[in-house]
Amino acid sequence: MADAADTCVLLPIVSPASVDCLVGVAVDVAGPGGRLRALTAVPPGASSADVRAARAMLATVEDAVARLHTDPSAAACLSTEVVEADHPASAVHDAAARDAVDVVVMGWHGSGSASSSFGGIIDEVVGRSRVPLLMVRQGAVDPTGLVVAFDTDQLHPAGRRGLVLAGAVAASLRSARGWPVTLLQTGAEEFPELPDEIATLTDRIHHDPRRRHDAVAAIVEPTTMVVAPVAPTVAGLRAATTRLNWAVGAATLVVAIDVGPVGPRETLAAVSLDVTAPEPREERPGRRGVSLTISSADPVQRRPVMAALSDAGEVGAVRTWWAGRDSRPHLSITVTVDHMTGSDAIGAVMAVTDALPELVGARVRYDLVDAPTPLRVQELRPMGPLGELDWE
(Lines give C-alpha, C1' and ligand atoms only; values in the text may rest on other atoms or scores of the structure.)
Protein backbone atom coordinates (compact mmCIF):
# COMPACT_ATOMS: atom_id res chain seq x y z
CA MET A 1 0.00 0.00 0.00
CA ALA A 2 0.97 3.63 -0.30
CA ASP A 3 2.32 5.72 2.53
CA ALA A 4 -0.32 6.31 5.21
CA ALA A 5 -0.88 9.94 4.23
CA ASP A 6 -1.51 8.93 0.61
CA THR A 7 -3.55 5.75 1.09
CA CYS A 8 -6.89 5.67 -0.70
CA VAL A 9 -9.38 3.02 0.46
CA LEU A 10 -12.44 2.13 -1.59
CA LEU A 11 -15.42 0.89 0.43
CA PRO A 12 -18.22 -0.62 -1.69
CA ILE A 13 -21.43 -0.93 0.33
CA VAL A 14 -24.01 -3.57 -0.55
CA SER A 15 -25.75 -4.05 2.80
CA PRO A 16 -25.95 -1.68 5.81
CA ALA A 17 -25.67 -4.60 8.28
CA SER A 18 -21.86 -4.64 8.40
CA VAL A 19 -21.19 -0.92 7.94
CA ASP A 20 -19.72 -0.30 11.41
CA CYS A 21 -17.17 -3.13 11.11
CA LEU A 22 -16.19 -2.18 7.55
CA VAL A 23 -15.85 1.52 8.36
CA GLY A 24 -13.67 0.71 11.35
CA VAL A 25 -11.27 -1.35 9.25
CA ALA A 26 -11.31 1.02 6.26
CA VAL A 27 -10.61 4.20 8.22
CA ASP A 28 -7.81 2.57 10.23
CA VAL A 29 -6.21 1.13 7.08
CA ALA A 30 -6.43 4.54 5.38
CA GLY A 31 -4.66 6.06 8.38
CA PRO A 32 -4.22 9.73 9.26
CA GLY A 33 -4.51 11.84 6.14
CA GLY A 34 -5.71 8.92 4.02
CA ARG A 35 -8.79 9.02 1.82
CA LEU A 36 -11.94 6.90 2.10
CA ARG A 37 -14.24 6.52 -0.89
CA ALA A 38 -17.61 4.84 -0.14
CA LEU A 39 -19.86 3.91 -3.02
CA THR A 40 -22.92 1.85 -3.85
CA ALA A 41 -24.26 0.94 -7.27
CA VAL A 42 -27.69 1.04 -8.85
CA PRO A 43 -28.61 -0.35 -12.29
CA PRO A 44 -28.93 2.06 -15.21
CA GLY A 45 -32.32 3.76 -15.23
CA ALA A 46 -32.95 2.95 -11.57
CA SER A 47 -36.06 4.50 -10.05
CA SER A 48 -35.81 7.56 -7.84
CA ALA A 49 -36.83 5.38 -4.89
CA ASP A 50 -33.87 3.05 -5.51
CA VAL A 51 -31.49 6.01 -5.73
CA ARG A 52 -32.83 7.44 -2.45
CA ALA A 53 -32.37 4.06 -0.78
CA ALA A 54 -28.78 3.92 -2.05
CA ARG A 55 -28.06 7.40 -0.72
CA ALA A 56 -29.59 6.46 2.63
CA MET A 57 -27.26 3.46 2.79
CA LEU A 58 -24.24 5.69 2.20
CA ALA A 59 -25.52 8.02 4.90
CA THR A 60 -24.99 5.14 7.36
CA VAL A 61 -21.29 5.24 6.41
CA GLU A 62 -21.10 8.95 7.27
CA ASP A 63 -22.84 8.28 10.58
CA ALA A 64 -20.46 5.41 11.37
CA VAL A 65 -17.37 7.52 10.66
CA ALA A 66 -18.71 10.26 12.95
CA ARG A 67 -19.55 7.78 15.75
CA LEU A 68 -16.53 5.52 15.60
CA HIS A 69 -13.78 8.04 14.90
CA THR A 70 -13.44 11.20 16.95
CA ASP A 71 -10.63 12.43 14.71
CA PRO A 72 -12.28 15.08 12.48
CA SER A 73 -9.81 14.30 9.68
CA ALA A 74 -11.52 10.93 9.18
CA ALA A 75 -14.82 12.57 8.28
CA ALA A 76 -13.08 15.25 6.21
CA CYS A 77 -11.38 12.60 4.06
CA LEU A 78 -14.62 10.68 3.37
CA SER A 79 -16.52 10.97 0.09
CA THR A 80 -19.61 9.02 -0.96
CA GLU A 81 -21.08 8.31 -4.36
CA VAL A 82 -24.02 6.49 -5.94
CA VAL A 83 -23.03 5.18 -9.37
CA GLU A 84 -24.95 3.53 -12.19
CA ALA A 85 -23.50 0.22 -13.39
CA ASP A 86 -24.68 -2.93 -15.14
CA HIS A 87 -22.92 -4.99 -12.44
CA PRO A 88 -21.71 -3.93 -8.96
CA ALA A 89 -18.26 -5.36 -9.72
CA SER A 90 -17.91 -3.04 -12.72
CA ALA A 91 -18.64 -0.08 -10.46
CA VAL A 92 -15.87 -1.19 -8.09
CA HIS A 93 -13.31 -1.62 -10.87
CA ASP A 94 -14.17 1.69 -12.53
CA ALA A 95 -13.90 3.57 -9.23
CA ALA A 96 -10.63 1.85 -8.34
CA ALA A 97 -9.07 2.93 -11.63
CA ARG A 98 -10.50 6.45 -11.55
CA ASP A 99 -9.53 7.31 -7.96
CA ALA A 100 -6.10 5.59 -7.91
CA VAL A 101 -7.31 3.32 -5.11
CA ASP A 102 -4.69 1.47 -3.05
CA VAL A 103 -6.94 -1.16 -1.44
CA VAL A 104 -10.60 -2.22 -1.59
CA VAL A 105 -12.40 -3.21 1.63
CA MET A 106 -15.52 -5.34 1.18
CA GLY A 107 -17.85 -7.11 3.57
CA TRP A 108 -18.47 -10.84 3.34
CA HIS A 109 -21.18 -12.82 5.12
CA GLY A 110 -19.01 -15.91 5.67
CA SER A 111 -20.41 -18.47 3.28
CA GLY A 112 -19.95 -19.58 -0.29
CA SER A 113 -21.40 -22.28 -2.51
CA ALA A 114 -20.36 -25.03 -4.86
CA SER A 115 -20.12 -22.46 -7.67
CA SER A 116 -18.56 -19.48 -5.86
CA SER A 117 -16.05 -18.66 -3.13
CA PHE A 118 -17.17 -15.40 -1.51
CA GLY A 119 -20.32 -15.01 -3.59
CA GLY A 120 -20.96 -13.85 -7.14
CA ILE A 121 -20.26 -10.13 -6.66
CA ILE A 122 -17.03 -10.51 -4.66
CA ASP A 123 -15.74 -13.31 -6.89
CA GLU A 124 -16.26 -11.04 -9.87
CA VAL A 125 -14.34 -8.24 -8.13
CA VAL A 126 -11.46 -10.54 -7.15
CA GLY A 127 -11.22 -12.11 -10.58
CA ARG A 128 -10.80 -8.77 -12.35
CA SER A 129 -9.14 -6.60 -9.71
CA ARG A 130 -5.83 -4.85 -10.23
CA VAL A 131 -5.60 -3.55 -6.66
CA PRO A 132 -5.29 -5.37 -3.32
CA LEU A 133 -8.47 -6.49 -1.58
CA LEU A 134 -9.53 -7.03 2.03
CA MET A 135 -12.56 -9.25 2.59
CA VAL A 136 -13.95 -8.69 6.09
CA ARG A 137 -16.22 -11.20 7.80
CA GLN A 138 -17.58 -9.57 10.94
CA GLY A 139 -17.33 -11.50 14.20
CA ALA A 140 -19.87 -11.90 16.97
CA VAL A 141 -18.15 -9.37 19.26
CA ASP A 142 -15.78 -6.44 18.83
CA PRO A 143 -12.16 -7.61 18.52
CA THR A 144 -9.46 -6.60 21.00
CA GLY A 145 -6.39 -8.25 19.48
CA LEU A 146 -4.84 -9.38 16.18
CA VAL A 147 -3.50 -12.69 14.90
CA VAL A 148 -1.59 -12.60 11.62
CA ALA A 149 -1.68 -16.18 10.32
CA PHE A 150 0.59 -17.02 7.39
CA ASP A 151 2.19 -20.08 5.84
CA THR A 152 5.88 -20.73 5.22
CA ASP A 153 5.18 -20.81 1.47
CA GLN A 154 4.13 -17.15 1.66
CA LEU A 155 7.66 -16.18 2.68
CA HIS A 156 8.86 -17.04 -0.83
CA PRO A 157 8.58 -14.54 -3.71
CA ALA A 158 5.33 -15.88 -5.17
CA GLY A 159 3.39 -15.29 -1.96
CA ARG A 160 5.37 -12.49 -0.38
CA ARG A 161 3.23 -9.61 -1.65
CA GLY A 162 0.11 -10.93 0.03
CA LEU A 163 2.05 -11.34 3.27
CA VAL A 164 3.36 -7.77 3.04
CA LEU A 165 -0.23 -6.57 2.53
CA ALA A 166 -1.41 -8.46 5.62
CA GLY A 167 1.46 -7.02 7.64
CA ALA A 168 0.72 -3.46 6.54
CA VAL A 169 -2.96 -3.88 7.41
CA ALA A 170 -2.12 -5.32 10.84
CA ALA A 171 0.33 -2.48 11.50
CA SER A 172 -2.35 0.10 10.68
CA LEU A 173 -4.89 -1.57 12.97
CA ARG A 174 -2.35 -1.93 15.78
CA SER A 175 -1.36 1.73 15.48
CA ALA A 176 -4.98 2.95 15.47
CA ARG A 177 -6.33 0.70 18.23
CA GLY A 178 -3.33 -0.30 20.31
CA TRP A 179 -4.11 -3.99 19.91
CA PRO A 180 -1.54 -6.71 20.73
CA VAL A 181 -0.41 -8.75 17.73
CA THR A 182 0.38 -12.47 17.58
CA LEU A 183 2.36 -13.86 14.64
CA LEU A 184 1.42 -17.43 13.72
CA GLN A 185 3.51 -19.20 11.11
CA THR A 186 2.32 -22.56 9.80
CA GLY A 187 3.65 -25.19 7.44
CA ALA A 188 7.13 -26.58 6.92
CA GLU A 189 9.99 -25.82 9.29
CA GLU A 190 11.76 -23.44 6.97
CA PHE A 191 12.46 -19.88 8.05
CA PRO A 192 13.35 -17.46 5.25
CA GLU A 193 13.81 -13.88 6.38
CA LEU A 194 10.55 -12.17 7.32
CA PRO A 195 9.49 -8.98 5.50
CA ASP A 196 9.90 -5.89 7.66
CA GLU A 197 6.12 -5.39 7.57
CA ILE A 198 5.79 -8.69 9.47
CA ALA A 199 8.96 -8.77 11.55
CA THR A 200 8.19 -5.46 13.26
CA LEU A 201 4.66 -6.38 14.34
CA THR A 202 5.62 -8.18 17.55
CA ASP A 203 8.56 -9.57 19.49
CA ARG A 204 8.18 -13.33 18.94
CA ILE A 205 6.93 -15.85 16.39
CA HIS A 206 4.78 -18.91 17.07
CA HIS A 207 5.27 -21.79 14.63
CA ASP A 208 2.65 -24.53 14.34
CA PRO A 209 3.63 -26.97 11.55
CA ARG A 210 0.06 -28.12 11.03
CA ARG A 211 -2.24 -26.74 8.34
CA ARG A 212 -3.16 -23.11 8.84
CA HIS A 213 -6.80 -23.65 9.74
CA ASP A 214 -5.84 -26.19 12.43
CA ALA A 215 -3.27 -23.80 13.88
CA VAL A 216 -5.68 -20.85 13.85
CA ALA A 217 -8.36 -22.91 15.60
CA ALA A 218 -5.90 -23.55 18.44
CA ILE A 219 -5.47 -19.91 19.43
CA VAL A 220 -8.42 -17.93 18.14
CA GLU A 221 -10.85 -16.31 20.58
CA PRO A 222 -14.14 -14.53 19.80
CA THR A 223 -12.35 -11.24 20.55
CA THR A 224 -9.63 -11.95 17.97
CA MET A 225 -9.32 -10.42 14.52
CA VAL A 226 -7.50 -12.87 12.25
CA VAL A 227 -5.66 -11.33 9.29
CA ALA A 228 -4.78 -14.01 6.76
CA PRO A 229 -3.02 -13.47 3.42
CA VAL A 230 -4.48 -15.66 0.67
CA ALA A 231 -3.31 -16.38 -2.87
CA PRO A 232 -5.70 -15.02 -5.56
CA THR A 233 -6.34 -18.51 -6.92
CA VAL A 234 -9.38 -20.74 -6.80
CA ALA A 235 -7.65 -23.12 -4.37
CA GLY A 236 -6.41 -20.32 -2.14
CA LEU A 237 -9.77 -18.59 -1.93
CA ARG A 238 -11.62 -21.86 -1.40
CA ALA A 239 -9.38 -22.68 1.56
CA ALA A 240 -10.08 -19.25 3.05
CA THR A 241 -13.84 -19.48 2.67
CA THR A 242 -14.19 -23.01 4.01
CA ARG A 243 -11.62 -24.40 6.43
CA LEU A 244 -10.11 -21.11 7.59
CA ASN A 245 -13.55 -19.56 7.87
CA TRP A 246 -14.74 -22.44 10.07
CA ALA A 247 -11.57 -22.36 12.17
CA VAL A 248 -12.07 -18.69 13.03
CA GLY A 249 -15.54 -19.42 14.41
CA ALA A 250 -17.16 -16.36 16.01
CA ALA A 251 -14.06 -14.17 15.59
CA THR A 252 -13.55 -11.53 12.89
CA LEU A 253 -11.71 -12.67 9.75
CA VAL A 254 -9.88 -10.38 7.31
CA VAL A 255 -8.74 -12.13 4.12
CA ALA A 256 -5.91 -10.15 2.47
CA ILE A 257 -5.60 -10.71 -1.29
CA ASP A 258 -2.88 -8.86 -3.16
CA VAL A 259 -3.82 -9.15 -6.84
CA GLY A 260 -2.45 -6.02 -8.41
CA PRO A 261 -1.16 -4.49 -10.46
CA VAL A 262 -1.61 -7.31 -12.97
CA GLY A 263 -2.82 -7.89 -16.48
CA PRO A 264 -6.31 -9.11 -17.48
CA ARG A 265 -7.55 -12.05 -15.41
CA GLU A 266 -10.19 -14.67 -15.90
CA THR A 267 -13.11 -13.85 -13.64
CA LEU A 268 -13.51 -16.28 -10.76
CA ALA A 269 -17.25 -16.30 -11.34
CA ALA A 270 -16.58 -18.12 -14.60
CA VAL A 271 -14.31 -20.75 -13.05
CA SER A 272 -15.68 -24.15 -12.07
CA LEU A 273 -15.01 -24.44 -8.34
CA ASP A 274 -14.77 -27.56 -6.25
CA VAL A 275 -17.70 -28.48 -4.07
CA THR A 276 -17.38 -26.96 -0.61
CA ALA A 277 -15.26 -29.12 1.66
CA PRO A 278 -17.09 -30.86 4.50
CA GLU A 279 -16.97 -29.16 7.88
CA PRO A 280 -14.31 -30.64 10.18
CA ARG A 281 -15.39 -33.23 12.72
CA GLU A 282 -15.35 -32.30 16.36
CA GLU A 283 -12.40 -33.73 18.29
CA ARG A 284 -13.05 -35.37 21.65
CA PRO A 285 -11.12 -34.04 24.68
CA GLY A 286 -8.50 -36.27 26.27
CA ARG A 287 -4.92 -36.33 27.51
CA ARG A 288 -2.62 -34.44 25.14
CA GLY A 289 1.10 -33.78 24.93
CA VAL A 290 2.52 -30.57 23.48
CA SER A 291 6.21 -30.39 22.61
CA LEU A 292 7.76 -26.92 22.49
CA THR A 293 11.00 -26.12 20.71
CA ILE A 294 12.23 -22.64 21.63
CA SER A 295 15.07 -21.06 19.64
CA SER A 296 16.57 -17.69 20.44
CA ALA A 297 19.72 -15.72 19.76
CA ASP A 298 20.37 -15.70 23.50
CA PRO A 299 20.02 -18.69 25.84
CA VAL A 300 16.56 -18.93 27.38
CA GLN A 301 16.27 -19.09 31.16
CA ARG A 302 14.76 -22.51 31.79
CA ARG A 303 13.41 -22.16 35.30
CA PRO A 304 10.95 -19.27 34.80
CA VAL A 305 9.74 -20.80 31.53
CA MET A 306 9.14 -24.18 33.18
CA ALA A 307 7.43 -22.54 36.18
CA ALA A 308 5.05 -20.62 33.91
CA LEU A 309 4.27 -23.66 31.75
CA SER A 310 3.42 -25.70 34.83
CA ASP A 311 0.26 -23.60 35.09
CA ALA A 312 -0.86 -25.10 31.76
CA GLY A 313 -0.01 -28.73 32.52
CA GLU A 314 2.64 -31.25 33.59
CA VAL A 315 6.14 -30.20 32.51
CA GLY A 316 8.72 -32.80 31.55
CA ALA A 317 11.41 -33.85 29.06
CA VAL A 318 13.43 -30.63 29.28
CA ARG A 319 16.68 -30.40 27.34
CA THR A 320 18.94 -27.82 25.69
CA TRP A 321 20.58 -28.56 22.34
CA TRP A 322 22.01 -27.04 19.20
CA ALA A 323 20.84 -27.84 15.65
CA GLY A 324 23.40 -28.69 12.98
CA ARG A 325 23.82 -25.45 11.00
CA ASP A 326 21.81 -23.31 13.41
CA SER A 327 24.09 -21.66 15.98
CA ARG A 328 21.18 -20.62 18.19
CA PRO A 329 20.56 -22.66 21.34
CA HIS A 330 17.31 -24.62 21.37
CA LEU A 331 15.25 -25.47 24.44
CA SER A 332 12.81 -28.39 24.23
CA ILE A 333 10.01 -28.83 26.76
CA THR A 334 7.02 -31.18 26.81
CA VAL A 335 3.79 -30.10 28.50
CA THR A 336 1.00 -32.62 29.12
CA VAL A 337 -2.57 -31.44 29.67
CA ASP A 338 -5.76 -33.35 30.53
CA HIS A 339 -9.33 -33.07 29.27
CA MET A 340 -8.49 -31.04 26.18
CA THR A 341 -8.51 -31.41 22.42
CA GLY A 342 -5.20 -31.11 20.62
CA SER A 343 -5.97 -27.58 19.45
CA ASP A 344 -7.08 -26.50 22.92
CA ALA A 345 -3.89 -27.96 24.41
CA ILE A 346 -1.68 -26.00 22.00
CA GLY A 347 -3.76 -22.89 22.61
CA ALA A 348 -3.39 -23.18 26.38
CA VAL A 349 0.38 -23.56 26.11
CA MET A 350 0.70 -20.77 23.53
CA ALA A 351 -1.21 -18.38 25.77
CA VAL A 352 1.51 -18.88 28.39
CA THR A 353 4.48 -18.50 26.05
CA ASP A 354 2.96 -15.43 24.38
CA ALA A 355 3.06 -13.57 27.71
CA LEU A 356 6.51 -14.66 28.92
CA PRO A 357 9.10 -11.84 28.96
CA GLU A 358 11.85 -14.50 28.86
CA LEU A 359 10.78 -15.39 25.30
CA VAL A 360 11.08 -11.93 23.76
CA GLY A 361 12.76 -12.36 20.38
CA ALA A 362 12.26 -16.13 20.37
CA ARG A 363 10.69 -18.47 17.86
CA VAL A 364 8.52 -21.16 19.44
CA ARG A 365 7.42 -24.29 17.61
CA TYR A 366 4.50 -26.39 18.87
CA ASP A 367 4.01 -30.09 18.07
CA LEU A 368 1.38 -32.51 19.31
CA VAL A 369 3.03 -35.65 20.72
CA ASP A 370 1.86 -38.77 22.51
CA ALA A 371 1.07 -37.90 26.11
CA PRO A 372 2.77 -40.09 28.72
CA THR A 373 0.46 -42.35 30.69
CA PRO A 374 -0.03 -40.86 34.14
CA LEU A 375 1.56 -42.83 36.97
CA ARG A 376 -1.08 -43.50 39.59
CA VAL A 377 -0.97 -45.25 42.98
CA GLN A 378 -3.29 -48.26 42.91
CA GLU A 379 -2.96 -49.42 46.49
CA LEU A 380 -0.88 -48.62 49.54
CA ARG A 381 -0.13 -51.53 51.94
CA PRO A 382 1.88 -51.03 55.11
CA MET A 383 5.09 -53.05 55.06
CA GLY A 384 7.86 -52.13 57.42
CA PRO A 385 8.84 -48.52 58.08
CA LEU A 386 8.68 -47.45 54.41
CA GLY A 387 5.56 -49.25 53.28
CA GLU A 388 5.01 -50.75 49.81
CA LEU A 389 3.59 -49.09 46.71
CA ASP A 390 1.79 -50.88 43.89
CA TRP A 391 1.83 -48.89 40.61
CA GLU A 392 -0.49 -49.23 37.68
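Strand β5 and strand β10 (residues 252-257) pair in the antiparallel sense, and five bridges connect them. Arg137 has Leu253 as its bridge partner in β10. This pairing belongs to a predicted model. Strand β5 also pairs with strand β4 (residues 103-107). Here the two strands run parallel and are joined by four bridges. Within β5, Val136 is the bridge partner of Gly107.

Strand β5 covers residues 133-137 and is mostly covered. Five of its five residues are buried. Their side chains point two ways: Leu133, Met135 and Arg137 one way, Leu134 and Val136 the other. Residues pointing in either direction are buried.

Helix α5 (residues 120-128) packs against these strands. Its buried residues lie against β4, β5 and β10, and also against α4 and α9. Those buried in α5 are Ile122, Asp123, Glu124, Val125, Val126 and Gly127. The loop between α4 (88-98) and β4 holds Ala100. Ala100 is not a glycine, yet its phi is positive, at about 50°.

The protein as a whole contains 11 helices and 16 strands. It has 392 residues, of which 48% count as buried. Among contacts with a separation of 6 or more, 78% are between residues 24 or more positions apart.

The average pLDDT of the protein is 84, and 83% of the residues score at least 70. Over residues 262-276, however, the pLDDT is below 50. The model gives this stretch 37 contacts beyond near neighbours in sequence. Residues 386-392 also have a pLDDT under 50. For residues 386-392 the model has 20 contacts beyond four places in sequence.

Helix packing was examined next. Two packed helices are described by the angle between their axes and the distance between the axes. Helix α1 (residues 19-30) packs with helix α6 (residues 157-177) at an angle of about 100°. Their axes are 8 Å apart. The two helices, α1 and α6, are therefore roughly perpendicular to each other. From α1, the contact is made by Gly24, Val25, Asp28 and Val29. From α6, Val169, Ser172, Leu173, Ala176 and Arg177 take part.

Helix α8 (residues 212-219) is another mostly covered element, with six of its eight residues buried. The buried residues are Arg212, His213, Ala215, Val216, Ala218 and Ile219. Both strands and helices cover them. The strands include β6 (145-151), β7, β8 (205-208) and β9 (224-229). The helices include α9 (234-248) and α11 (342-353).

One of the residues of strand β7 (residues 181-186) is Thr182. Thr182 counts as buried because its relative accessibility is 12%, under the 20% cut-off. The side chain of Thr182 makes a polar contact with the side chain of Asp354, at 3.3 Å. Leaving aside neighbours within four places in sequence, Thr182 is in contact with Leu146, Val147, Val148, His206, Ile219 and Asp354.

Thr341 has a relative accessibility of 12%, so Thr341 counts as buried. Its side chain reaches the backbone nitrogen of Asp344 at 3.1 Å. Not counting residues up to four places away in sequence, Thr341 touches Glu283, Arg284, Pro285 and Arg288.

Ala317 is exposed because its relative accessible area is 58%, over the 50% cut-off. Ala317 has a positive phi of about 50°, although it is not a glycine.

Terms used
Residues are numbered from 1 along each chain as its sequence is written. This is a predicted model: local features need pLDDT of at least 70, side-chain atom pairs count only at pLDDT 80 or more; totals for chains, interfaces and linings use all residues. Side-chain values use heavy atoms; hydrogens and water are left out. Buried means under 20% relative accessible area, exposed over 50%, partly exposed in between (1.4 Å probe, protein chains only). A polar contact is a pair of N or O atoms within 3.5 Å; within protein, one must be able to donate a hydrogen and the other to accept it, and residues adjacent in sequence count only if both atoms are side-chain atoms. Contact means heavy atoms within 4.5 Å. Two strands pair if DSSP finds at least two bridges between them. pLDDT is the predictor's confidence in each residue, from 0 to 100. Axes are lines fitted to C-alpha atoms, for helices over the stretch in contact, and angles run from 0 to 180 degrees between N-to-C directions. Angles under 35 degrees count as roughly parallel, over 145 as roughly antiparallel, 65 to 115 as roughly perpendicular and the rest as oblique.
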